[in-house]
Amino acid sequence: MSSSLPSPLTDLPIRRLTRDDLVPCADLSEDRGWPRDEERWALLLAAGTGYGIDDPDSKGLMASCVTVSYGPELAAVGMLLVAGRHARRGVGRYLMQRVIETAGGTPLSLYATSSGRPLYEDLGFIPVGRTVRLSGTFRPTAESGSAGTGGAKPSGGTGHVVRPASAGDLRAMVQLDSDAFGLDRTHLLTRLPAFADHLRVAEEDGELIGYAALSPSADNHAVGPLIARDTATAKALVTSLAAATDRPLRVDIDARHDELLDWAGACGLRPHSETTEMVLGGRRHGDRARCFGPLSLATG
């Protein structure tokens, strides 16, 4: 069946997406070979703003995009998807241009796949980092140690413990995240307990020094975000979360963290793909030495 598109593309109406669009959004992800991830879509549509173009040939979506605002200094862009039958016809560029216009000068950031990167470069985005996705069956090394839910201990100090997060940890999590990420992500973090199957915190002598979430994604469990004071703490958080699931593990790790990447490989996780972190009209914020892994918002 041939697909029909208006000419010019500017005749395509763009509308706001709501929770009522979860199934069409998941269908669009599946159409492009991504996991359906309805839980992730629900989180993003609750914490951010979704944009969609209805497919003139069906009841589903032709294209989607989500932005999550972190105030006037930055908004994250993700889930830019175009249905396969409408690919390579300028729809993604058209939608992204409208998103940029709607941002009104607010700097934007995104994680681009290799196929999407040329489009974003054409639109003025510049690369500022790289993230490696690893996946597989996690097999703890001797270094990883015990990772029960009650107390995985990072090496390098006494008093370290990893445990399930509680409601009382939220304020310290937000503070740690703001210091590391450089911007306030309270509206996202407050939704993590409902989104994640498991949420862990690491503390030392009563001070919170890291946190990480484990969320469902198709037949995998995905780690992210992963914020930690140091590599030993990041390892302990991943080890604890891996012990909480019998599914294959997926971890996105900032490529600058060579030690964590090597350790993950030694634990049985293999590189699967890479994305490029890109920004438009802004810069990287925060102390990325403590930002080990993002909450993945790949944009295609």
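Good morning. I begin at the end of helix 5, where the next residue, Gly-182, has a positive phi, near 95°. Please keep in mind that the structure before you is a predicted model. Its mean pLDDT over the chain is 90, and 90% of the residues reach 70 or more. Two stretches call for caution. Over residues 146–150 the pLDDT is below 50, and this stretch has 14 contacts in the model beyond near neighbours in sequence. Residues 154–158 also have a pLDDT below 50, with eight contacts counted in that way.

Let me return to helix 5, which runs over residues 170–181. Its twelve residues reach 16 Å from the first C-alpha to the last, close to the 16 Å expected at 1.5 Å a residue. Which residues of helix 5 are buried? They are Met-173, Val-174, Leu-176, Asp-177, Ser-178, Ala-180 and Phe-181. The elements that cover them include helix 6 and strand 13, together with strand 8, strand 9 and strand 10.

I turn now to helix 8, residues 231–242. At 1.5 Å a residue, its twelve residues should span 16 Å, and the end C-alpha atoms are 16 Å apart, so the two values agree. Eleven of the twelve residues are buried, and therefore helix 8 is largely enclosed by the rest of the structure. Among those buried are Thr-231, Lys-235, Leu-237 and Ser-240.

How does helix 8 pack with helix 9, and at what angle? The angle is about 35°, and the axes lie 10 Å apart. The crossing of helix 8 and helix 9 is right-handed. On the side of helix 8, the contact is made by Thr-231, Ala-234, Lys-235, Val-238 and Thr-239; helix 9 contributes Glu-259, Leu-260 and Trp-263. As a general point, an α-helix has 3.6 residues a turn, so residues three or four places apart point the same way.

Finally, I take two single residues. Asp-252 is located in strand 11, residues 249–254. Why is Asp-252 called buried? Its relative accessible area is 7%, and buried means under 20%. The side chain of Asp-252 makes a polar contact with the side chain of Arg-133, at 2.8 Å.

Ala-289 lies in the loop between strand 12 and strand 13. With a relative accessible area of 43%, Ala-289 is partly exposed.

Thank you for your attention.

Methods:
Residues numbered from 1 in each chain as written. Predicted model: local features only at pLDDT ≥ 70, side-chain atom pairs only at ≥ 80, totals over all residues. Heavy atoms only, no water. Helix = DSSP H or I, 4+ residues; strand = E, 2+ residues; numbered from the N terminus. Buried < 20%, exposed > 50% of the residue type's maximum accessible area, 1.4 Å probe, protein only. Polar contact = N/O pair within 3.5 Å; in protein donor to acceptor, adjacent residues only side chain to side chain. pLDDT = per-residue confidence, 0-100. Contact = heavy atoms within 4.5 Å. Expected span 1.5 Å × (residues − 1). Axes fitted to C-alpha atoms, helices over the stretch in contact; angles between N-to-C directions. Left-handed = near helix turned anticlockwise from the far one by under 90°.
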